[in-house]
Each structure stands twice: as C-alpha cells, then as structure tokens.
Amino acid sequence: MPAPSRWEPLRQQFTADGYLALPSLLSPKGLTELGDEASRLEADAVRRDFRMPCMDDSPRHMTTLGGHHIARHSPTITRLYQDQDLARLLGVLLGERVVAVRDPVERHVLNILHQPGDTHGAHTDDYPLALVLFLEAPPRPDDGGLLEFHPGRADLAALDTPGARRVHHQPADGYLLRSDLTAHRVTPLARPGVRRTVLNFAYTTPGRQEATTSSASLLYT
Ligand SMILES: O=C(O)CCC(=O)C(=O)O
Ligand SMILES: [Fe+2]
C-alpha cells in the first residue's frame, strides 16, 4: 500500500469543513508584487452598490475588477492562476483533478472593500473551488471584513444559524473554500481607514465549465 500523502490530513479537513486556512501563503516578495499589481489595477476597477437578485437579494458594496480585464493588464496574475503545480496541489486537497475555469470573467477577480459598510454579501460560487489571496486586510477582527461561512450548508440562511464560522485573515494569508457548496459572505467593514483587497482564483473539475448563475456577470462586467 502506498504511504499516505503528507497532504492527507489537510484534504480530510478541507472535505469536512469546506474551508482550509492557508496562513502566510504568500511570501513577502509575492505579497509586494501582487499588492503592486492590485494597486495598479484598482484604477480600472468599478464601484458596485446593489443587491444580488439570484442570491436572496444579498448586498454588494464593493469595488471589483473582472478576470477579462485582469488578463489584459496583468500577465503576473494570469501566470500565477495558470501555474500547474498550484492546480496539482489544489487537486490533491480536493481529491479530484482540478482545472482552470474557462470563463475569462470569473476565473480570477479582484475584490476591494474600502469604505465603512462595504460588504460582499451572502452567496455560493458557480465553480467548486475558490482560492482567495489576501493583499490587504483590516488589522483586527472587530474591524469587520471577516469571512463567514457555514460548513456543509449551501443555503444562504445557514449563515445566520448556529454552526456558522467567522474567520479573520491577514495580508499574505490565503484560504481554500468549497465555494459552490458552502454558503459564504464577507462581513461589513466596521470603520473608516481600513481596506480589504483579495484576489479570488476560481477552479473547477474537468467537464464542469458552465456557470450556474448570473451573479458573476452582474458583479464583474
Ligand atoms: O473575499 C472573500 O473572502 C470571499 C470572496 C468571494 O466569496 C468571491 O469572490 O466569490
Ligand atoms: Fe464567493
């Protein structure tokens, strides 16, 4: 029998929770490079303030930039998204082969919360895996900007029931989310002067390339 992979405990944890923290995923150099890219791209990002009809009218107060724009203006981010070693590792953690999302809009996006009350309201994603990379984050948990999710529940109401979890992240952290089956949202920023900037890389499994909702086109085009 082959020795169990050293990733096996993490795979099990990810399967159980639908969430896996990846603290200090980015090196200091990686954080600086991606942070510079994000600052440059932010000039073209678009302010969004609306409720998402297909997600129980949950609020979106944030500034976003879709993957089609990122692909045109950031070879660095595109290259990182397509890194084969990264896709292989995500496949080990999911327990299935992982491939890039074909849709240029949703495959990699930039989400910026920068005003008090800014929030990315409750939803599930179209594709099974979200790898979220933190470029900026509020310093303290009571500053808001927490990821909130409910393991094993895709219904958005579950976010307000016992068992929902809230997690604070720092710049350079990442996390992996089983984002199609796990209801999630980002809590509102609680005070002026704090910012939260993430890159979200969406991945899928072979043969699953259809978006299931119109939410990405409403938020990113
Ligand atoms: O910003 C986050 O932590 C979550 C991002 C997210 O859920 C998304 O982009 O679909
Ligand atoms: Fe999401």
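This is a predicted model: local features need pLDDT of at least 70, side-chain atom pairs count only at pLDDT 80 or more; totals for chains, interfaces and linings use all residues.
1. The shell around ligand 1 consists of Asn 111, His 120, His 123, Asp 125, Val 132, Tyr 175, His 184, Val 186, Arg 196, Val 198, Asn 200 and Tyr 220.

2. Among these residues, Tyr 175 has an N or O atom of its side chain 2.5 Å from an oxygen atom of ligand 1, while a polar side-chain atom of His 184 lies 3.0 Å from an oxygen atom of the ligand, and a polar side-chain atom of Asp 125 lies 3.1 Å from an oxygen atom of ligand 1. Of the 290 Å² of accessible area that ligand 1 has on its own, the protein covers 95%.

3. The space that ligand 1 takes is the second largest cavity. Two or more residues of the shell around ligand 1 come from each of strand E6 (119-123), strand E11 (184-186) and strand E12 (196-204), and E12 gives the most, with three residues.

4. Leu 129 belongs to strand E7, which covers residues 129-136. With a relative accessible area of 1%, Leu 129 counts as buried because that value falls under the 20% cut-off.

5. Leaving aside residues up to four places away in sequence, Leu 129 touches Phe 14, Leu 90, Leu 94, Val 98, Leu 176, Leu 177, Ser 179, Phe 201, Ala 202 and Tyr 203. As for Ala 211, which is 82 residues from Leu 129 along the chain, the C-alpha atoms of the two residues are separated by 13 Å.

How values were computed: Residues are numbered from 1 along each chain as its sequence is written. Chains are lettered from A and ligands numbered from 1 in the order in which they are written. Side-chain values use heavy atoms; hydrogens and water are left out. Helices (H or I, at least four residues) and strands (E, at least two) are DSSP runs, numbered from the N terminus. Buried means under 20% relative accessible area, exposed over 50%, partly exposed in between (1.4 Å probe, protein chains only). Contact means heavy atoms within 4.5 Å. A residue is near a molecule or strand if one of its heavy atoms lies within 4 Å of it. A polar contact is a pair of N or O atoms within 3.5 Å; within protein, one must be able to donate a hydrogen and the other to accept it, and residues adjacent in sequence count only if both atoms are side-chain atoms. Accessible areas come from the Shrake-Rupley method with a 1.4 Å probe; for residues, only the protein chains shown count as cover. On a 1 Å grid over the protein atoms alone, a cavity is a set of points where a 1.4 Å probe fits but cannot get out, and a pocket is an open set with protein on both sides within 12 Å along at least five of seven lines; lining residues have an atom within 4 Å of a point. A molecule sits in a cavity or pocket if more than half of its atoms lie within 2 Å of its grid points.
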